[in-house]
Amino acid sequence: MTLKLSPTQMAWRAAQDIDDGAYVNLGIGFPEMVAKFQPPGREAIFHTENGILGFGEAPAPGAEDWDLINAGKKAVTLKPGTAFFHHADSFAMVRGGHLDVAILGAYEVAENGDLANWSTGPKGVPAVGGAMDLVHGAKRVAVITDHVTKDGKPKLLKACSLPLTGVGCVTRVYSSLAVIDIEGGRFVLREKLPSLSVDELQSLTGAEMLIPGTVADLIVPEL
Amino acid sequence: MDKTLPDLATAVAGISDGMTVMIGGFGGSGAPIELIHALIDRFIATGHPRELTVVNNNAGNGHVGLAALIEAGMVKKLICSFPRSADPVVFTEAYLAGKIELELVPQGTLAERIRAGGAGIPAFYTPTSYGTDLAKGKPVEVFDGRPYVQERWLKADVALVKAHLGDRLGNLTYRMAGRNFNPLMCMAAAKTVVQVSRIVEPGEIDPEVVITPGIFVQGVVQVENPAQEEILNRAKAVYPEARA
């Protein structure tokens, strides 16, 4: 029995919602894996902040070209149709509303769609990168996250306690336990692991979820 | 008109104490490592320039390039979006010790502030950072029912840029994602100095593929087979070598 989805499985689930022809930005880390799970017959074009549209997978070790990297500074490859551009054009694609989907990581998500994913507080070195731009640019901003923190506290909350990345920007959460939409300032449960009751899921969620008539089973292959 | 320069030392000779210096690159890609190292050489020889304000997307990686500039003690303030890397020890230690000031700017806002500086646009509005700590103290205005944060242009005394091909008129091409901030910084600095892998004759670059037109460039120096930060770091390189 699956107790919770792995990051790879969450990435697989998120990939199922990406339409053919979509322009997509994937955040650094787990969201990068979404690119591997495009359903057959669909062609999404991936954008990276540092100025590439339509890049390919990682090259074999030793075949890297360090002028050809993604926003996570990892080597990528060319594909037929790749385009390069400078940073102002890259963020015109973001801020100008040309991206269909951005999929990001999260420390906390609030029921009104507020996202906190760039700072864990005043200690250490703050770093924001392109996250604050992405949350206001893409038509759809989705989050991939464990449903709870390492010590079991909810990450889906009434209000974020950490510094915000953006206000009211998240529209869908792919968690390790459920798929939850954010509509009208509320969490709306769409899918949950079949092994989990609604009450159990609610007890792990920091704000009351709206439970529609049908909640689908969240079924993901072993990956 | 001939903007070519004989060597790297000449290219960085005009940078003096307290200047704002834009340095191109995103991580190591498009980073003008040789120009940065030439600036460090000058500092070691003369004690200048220092107290620099540096604009870059990152804060250096390992002990070469921008990290080496910070490690040499030449940087007073860094304006960047993401001061983390695989090996951010130099910036992190300087920052936590209070030896370097940080202005953190969202990446798209940083790019647009530089573009605006080059285009003569003193301020603009963006939805980015609205309602966050990075918008504190900035004017907010509502357009068509949505709030936007006012951001100001960013200009520099000097830009250090890496390109691929360049001619004596300053026309430039770049190599793949090494383009990133480089064309914007060319526009936003009073003086832009570019290292190119090869200087070619005017006309050898097809006008259709010029990315930076020469009007934005003041100096071009040839550095064949430029170093890549990632490869230097995998070899655990330190600049200058004597410090290793």
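Biologist: What percentage of the 244 residues in chain B is buried?

Modeller: Start with the cut-offs: a residue is buried if 20 or more other C-beta atoms lie within 10 Å of its own, exposed if 12 or fewer, and partly exposed in between, with C-beta atoms placed from the backbone. Here, buried residues make up 54% of the 244 in chain B. Keep in mind that this is a predicted model, in which local features need pLDDT of at least 70 and side-chain atom pairs count only at pLDDT 80 or more, while totals for chains, interfaces and linings use all residues. As for labels, residues are numbered from 1 along each chain as its sequence is written, and chains are lettered from A and ligands numbered from 1 in the order in which they are written.

Biologist: How many helices and strands are there in chain B?

Modeller: Chain B has seven helices and ten strands. Its radius of gyration, taken over C-alpha atoms, is 18 Å, close to the 18 Å from the globule rule (2.2 Å times the number of residues to the power 0.38), so chain B is as compact as a globular protein of 244 residues. The C-alpha trace spans about 55 × 45 × 30 Å along its principal axes.

Biologist: In what order do the seven strands of the open sheet in chain B come?

Modeller: We call two strands paired if DSSP finds at least two bridges between them. In chain B the order is 4-3-2-1-8-9-10, with parallel pairing. Strand 4 (101–104) and strand 10 (219–222) of chain B are the edges, each pairing on one side only. Strands 1 and 2 of chain B share three bridges, with Met22(B) opposite Val55(B). Strand 2 (52–55) and strand 3 (75–80) of chain B share four, and there Val55(B) faces Ile79(B).

Biologist: Which hand does the β-α-β unit of strand 1, helix 2 and strand 2 of chain B have?

Modeller: Point the strands away from you: a crossover is right-handed if the path from the first strand over the helix to the second runs clockwise. That unit is right-handed, and another right-handed unit is made by strand 2, helix 3 (66–71) and strand 3 of chain B.

Biologist: Which strands stand at the edges of the sheet in chain A?

Modeller: That open sheet has the order 7-6-9 and mixed pairing. Strand 7 (115–116) and strand 9 (156–157) of chain A each have a single partner strand, so one side of each is left without a neighbour in the sheet. Strand 6 (108–110) runs parallel to strand 9 of chain A, joined by two bridges, and Ala110(A) sits opposite Leu157(A).

Biologist: How many residues does each chain give to the contact?

Modeller: Two residues are in contact if their C-beta atoms, placed from the backbone, lie within 7 Å. Chain B gives 40 residues and chain A gives 30. Helix 5 (107–119) of chain B gives the most on the chain B side, with six residues.
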